[in-house]
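Subject: Structure handover

Hi,

Here is the structure I promised to pass on.

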Amino acid sequence: MKFGKEFSSQMVPEWQQAYMDYDFLKTLLKEIIRFRLRTNNAAPRGGAKIRHGGEGLNRNMTLYRAFSGLVSTSRRQRHGNSHDVEEGVQLTSTTTTTTTGPILVNTTVDRGCETTFLMAAEEGGEYELVFFRRLDDEFNKVSKFYKEKVEEVLKEAVVLNKQMDALIAFRVKVENPDGWGWDERTVEITRLASDIATSAAAISASTPAGAKSMKVRSQAHMEAIQEGGSSRAGQLEDDEEEGEDNAARESVNEVKTTRMRAVRPAPLDILDRVTINNTKETPRSTIKGVLQVPKQTELKFSRENLMKVEEKLRHAFIVFYQKLRLLKSYSFLNVLAFLKVLKKYDKITSRDATKHYMKVVDSSYLGSSDDVVRLMERVEATFIKHFANANRTKGMNILRPKAKRERHRITFSTGFSAGCVFSLIVALVAIIRTRNLLQEDGQKQYMNTMFPLYSLFGFIVLHIIMYAANIYYWRRYKVNYSFIFGFKQGTELGYRQVLLVGFSIGVFALLCVLANLDMEADPKTKGYQTLTELLPLFLLIAMFVVLVLPFNFFYRSSRFFFLTCVFHCLAAPLYKVTLPDFFLADQFTSQVQALRSIEFYICYYGWGDFRHRINTCNTSAYNTFLFIVAVIPYVSRLLQCLRRLFEEKNPEQGYNGLKYFLTIVAVCLRTAFSFHKDDMAWRVVAAISSAVAAIFSTYWDFVHDWGLLNRTSKNRWLRDKLLIPQKKVYFIAMVLNVLLRFAWIQTVLDFKFSFMHRQTMVTIVASLEIIRRGIWNFFRLENEHLNNVGKYRAFKSVPLPFNYDEDEDKDD
């Protein structure tokens, strides 16, 4: 794989704009190549290496520079002049004695980089001057962003330190409610005195003095970094000490102080300044918030609360560590990208700019700072000790989960199930044609009873296939859907797994259809075989059982995530609305016919109609529930909008709620019209209400959900940033959205086709709505992803277990 593709594939999607624009710099290099070809002055390939030998461009130097950001030694030790940059002293890429370099790189006051191209007077020098100006801009952008992010994580580290202090004190209070007794303190002090005496004797007996100093310092440092996991932080300060005898004495004192700190219990007075941060959203907390009942924030020292606090802080450390890993990768990738593009420049121009420019890059904050690495080591050691029971393997597996590999058996199973679905469809069509089932007397009865039962599985499979297609294209265009939905890392399903689920359901549904193709009743019993008539019900119950089973198989994490979101949709106003919740509620608004099919299941099997395959589900109670079932998804979305309007005070949520209210009115009027087809007044009212709701919803789709129809955008009538390079795709999607959304016209105008049963037409219209929702899904998440990219939002805020009294902290 070429470096450009690898570089793009490893970017943090939300930080994409903050990375070096490698492709544009390559474009500038291509312009230099084209100019040289025009002037017949193109350098031979590999000229830089021939001219300069192994100086800076040989394989060893490439390997060294490529991995300069990941070696364990301190960058400051590697680069002797890096502290000049940190102190603000002007630094050039070429030393004062070097005059053969083509560039002169200076650091600006704000720690930026400014390159002077010394060969600008040569023919074509203006192209190279433009290249270095853009290179400086990219370096300054990358370095500034990296420094800002490092400062953010350092601030977060301070907050986590305070949280850990409170956790340890809380743990001590739970483990020892009466505090540390005098006997325990006496034992610790005795052990401390013995350890100090032993250390002092070892120091005075060992020689030479330098060895004494180093040994004691190392011993003391191992105690001091029990939360750090590495001695690098201590080595930086130790190297600066001078005087062997003084160092030994200082080390003994350090042993005393460190071990006193190690055995001293956490100060319990911290607990006087903290309160519990109760962020869990429940219906009870929502009702209390509406009634303005004060939250319970006092500390209750119980093991149950301790487990909750540890779980929250554990999650906070995992997310924090992921930030550090991404920052480390960001630094390494960008330094490597600068090296690669400069090597390309040297190869094209036969100059030696890489060595001089990379000196500045390596000595800059981007290339030399080891704050992130040292912080990662401390986080690792803290997490392993406090949250993994000192088991390093277990702790590192949690902090660094292994990447999920695509298994061949998943691919094979998906392809096999897809082939089974295709074969069963062919077999079904062949059986219907050969037995001429559509012409039998029981055909209409079958369409009115069995077809609605099996169409439910068709709706589910079609929606799953559309979701799998969404995942495929989200991944192709680098939409970070797992972050947007909030999937637990490593548990998100790929499109193959989703297709496997959909095709598996399709296989079982088609097998049931083939087993239940009887159109005529038994002439003796005047009924149908009970077992075959119950097959759709058995399949539906089996799907529900698999969905709710608590055992760890068949994507348990994804199943529970789905069930949680469903429950939040049903209890919409009582839970804080998140994107997965309202996204799933929107999916249900496109599955109204599937919900009505579930109602038909209850009526058909509950009243025993399946024994004689008759449909008695036309009572007033059943028709009333047709209204209720149809509006449940829209009511859920309306309540979610009202909850967000109440919390966020955003008027847009009020308008969005109005959209769903209009849709509820339109659905109710269309349903009422289906019972009064001969009444022109009902037809007109249903058509007008449906048209108003459809126009409003279409406008909301384009402008708010997709972010399109922006007249001032550089992509006219679209938006400034587009993930799909072909602009016509967006216009085609808008046209399809309008056509498919207005498919309800058929229900009002009541088109009749002699070759098509009414139930078939209802199924086709419902399927078109599912397809429209699948198209809507992609562009909705694309817009959400671009909003995250614009704000460089790669992580969601994590609630912490404790709140500190900041006023008291300031007083202290």
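**Salt bridges**

The count of salt bridges comes to 26, where a salt bridge is a side-chain nitrogen of Lys or Arg within 4 Å of a carboxyl oxygen of Asp or Glu. Before the details, please keep in mind that this is a predicted model, in which local features need pLDDT of at least 70 and side-chain atom pairs count only at pLDDT 80 or more, while totals for chains, interfaces and linings use all residues. Residues are numbered from 1 along each chain as its sequence is written, and side-chain values use heavy atoms, with hydrogens and water left out.

One of the salt bridges joins E128 to R36, with 3.5 Å between the closest N and O atoms. That pair links distant parts of the chain, since E128 is in helix α7 (residues 125-175) and R36 is in helix α2, 92 residues apart. (Helices are DSSP runs of H or I with at least four residues, strands are runs of E with at least two, and the numbering starts from the N terminus.) E128 is buried, at a relative accessible area of 1%, and R36 counts as buried too, at 14%. For those words, buried means under 20% relative accessible area, exposed means over 50%, and partly exposed is in between, using a 1.4 Å probe and protein chains only.

Helix α7 also holds a local pair: K141 and E138 both lie in it, three residues apart, about one turn of the helix. Their side chains meet in a salt bridge at 2.9 Å, N to O. K141 is partly exposed at 29% relative accessibility, whereas E138 is buried at 4%.

Then there is D701 with R741, whose side chains meet in a salt bridge at 2.6 Å, N to O. D701 lies in helix α29 (residues 680-705) and R741 in helix α30 (residues 728-741), so this pair ties together parts that are 40 residues apart in sequence. Both D701 and R741 are buried. Going back to K141 and E138, salt bridges that share partners join them with D21 and R134 into one network.

**Aromatic rings**

How many aromatic pairs are there? The count comes to 42. The rule is that rings of Phe, Tyr and Trp (its six-membered ring) pair if their centres lie within 6.5 Å, with planes under 30 degrees apart called stacked, over 60 edge-to-face and the rest tilted. F3 and Y22 have ring centres 5.2 Å apart and planes at 75°, so they make an edge-to-face pair. This one links distant parts of the chain, with F3 in helix α1 (residues 3-9) and Y22 in helix α2 (residues 22-38), 19 residues apart. F3 and Y22 are both buried.

F627 and F675 give a tilted pair, at 6.2 Å centre to centre and 45° between the planes. F627 is in helix α27 (residues 620-648) and F675 in helix α28 (residues 651-675), so the pair ties together parts 48 residues apart in sequence. Here F627 is partly exposed at 25% relative accessibility, and F675 is partly exposed at 36%. Ring pairs also build a cluster, which includes F3, Y22, W15 and Y365.

Two rings have a charge over them, meaning that NZ of Lys or CZ of Arg is within 6 Å of the ring centre and within 35 degrees of the ring normal. The charged end of K162 sits over the ring of Y804, 4.7 Å from its centre, and that of R773 sits over the ring of W776, 4.6 Å from its centre.

**Nonpolar cores**

The largest nonpolar core has 81 residues, and F131, L313 and F802 are among those with the most contacts inside it. A core here is a set of buried Ala, Val, Leu, Ile, Met, Phe, Trp, Tyr and Cys residues joined through side-chain atoms within 4.5 Å. Helix α13 (residues 303-349) gives the largest share of this core, 22 residues. Apart from it lies another core of 66 residues, including L428 and A594.

**One more contact**

T286 sits in helix α12 (residues 283-290) and is buried, with a relative accessible area of 11%. The C-alpha atoms of T286 and P573 are separated by 8.4 Å, although the two residues are 287 apart along the chain.

Cheers
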